[in-house]
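This report covers a core, a helix pair and a loop residue. Keep the model open as you read.

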Amino acid sequence: MLQVFWQFFKLGWLSFGGPAAHIGYFQRQFVQQLGWMPQPQFASTLALCQFLPGPASSQLGFAIGYQKAGLFGGLAAFIGFTLPSFLLMLALALLGSHWTNQPAALAIVTGLKLFALVVVADAILTMSKQFCRQQITLTIAIITAALLWLLPGIGMQFIALLGAAVAGMLLLKSTPHQTKAPLTIQWPFLGLFMGLLIIMPLLSLTDSAAVFADFYQTGSLVFGGGHVVLPLLQDSIGSELPANTLLAGYGAAQAMPGPMFSLASFLGAELLPNAPIVGALAATFGIFLPGFLLMLALQNSWHALAARPLLAGAVAGINAAVVGLLIAALYQPVFVSSVSGAPALAAAVLGLLALRQFKAPLMLLIPVFMLLGFWL
């Protein structure tokens, strides 16, 4: 469990670039290097995360930790990956945002965002070799990316995934999965998810419990990742905070490593100024918990469905579509936010060459890109 915590804790300080970059970090670290999760299971779990509410990359990290060391491993992965951004966002709430505008901080963030582009590109190349070997799957990936470039948003993301599933069922029936594993929904976790969602808003709550309830409801309803959470939080707690506070926290979360849902840490501290640490903990735990409960409840059934011949083609189509989602994210937001000109693009291409062809370790490339940030 300590090993799980340490691996995710290190990534939590360095994982700039949003969910797509996080997936790239996880794929390289835990599939390729450490072998904690086989590539097919990684892709299948990632596909499930796309359908669940909450932050997909954090749910994927939780599942990797769960695979390695059970429930406590999942919790260790979540705490390790989220703790750095939690501490940074809490410090921002306590000290103010002026330090994030310092030139040195901006330069480091510039370099690390460019490094995130390298990681996402590497993940796409690796996963496409596994899941886009056929003309059909490659076509699904490219169409998915094109649709999301033309019509970005969670609605199109769901349409693309469902369309890929249908196409896979019709055209990829020969995918060699033959095991009929039993469907095993973990009902206690599903019941706890529903119970908290229904009961918490009805209770007479303390201030910290009310913060937990508000963020738990948001985490239960937000599909599509961190960018979708802003309007939901505006509806649920917008009247309790000045508008500029919500936007300032959202802007700061973009520049932080780790999950963008750590915005909840900042807002929880702002909602309870007399007990900011309690407020930050309540909000953070509340917004992440729904996705983890659903992951625990459904992941075994999802993997069992993926092993059945009738649905194996659908899963193959979804896996190809997930590659398309990463291709779409490679441009927006990763490329758009990190490449400011030809020198930055050249640095990213050379970084990808070093990573893939010369097997340069991440721990070597990260400080190199941090220094490049000052030059850029």
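## Nonpolar core

A nonpolar core is a set of buried Ala, Val, Leu, Ile, Met, Phe, Trp, Tyr and Cys residues joined through side-chain atoms within 4.5 Å. Buried means under 20% relative accessible area, exposed over 50%, and partly exposed in between (1.4 Å probe, protein chains only). This is a predicted model: local features need pLDDT of at least 70, side-chain atom pairs count only at pLDDT 80 or more, and totals for chains, interfaces and linings use all residues. Residues are numbered from 1 along each chain as its sequence is written, and side-chain values use heavy atoms, with hydrogens and water left out.

The largest nonpolar core holds 119 residues. Phe8, Phe26, Phe42, Ile64, Phe215 and Leu267 touch the most other members. Helix α4 (residues 56-95) supplies the largest share of this core, 15 residues. Helices here are DSSP runs (H or I, at least four residues), numbered from the N terminus.

Phe42 has contacts (heavy atoms within 4.5 Å) with Ile23, Phe26, Gln27, Val31, Met37, Leu60, Ile64 and Met127, leaving aside residues up to four places away in sequence.

## Helices α5 and α16

On the α5 (residues 103-131) side, the contact residues include Ala104, Leu112 and Phe115. On the α16 side, they include Leu362, Phe369 and Phe374. The contact divides into 13 nonpolar, three polar and no charged residues. Here Ala, Val, Leu, Ile, Met, Phe, Trp, Tyr, Cys and Pro count as nonpolar, Asp, Glu, Lys and Arg as charged, and the others, Gly among them, as polar.

## Lysine 359

Lys359 is in the loop between α15 (342-356) and α16 (362-375). Its phi is near 55°, a positive value in a residue other than glycine. Lys359 is exposed, at 63% relative accessible area.

How values were computed: Helix = DSSP H or I, 4+ residues; strand = E, 2+ residues; numbered from the N terminus.
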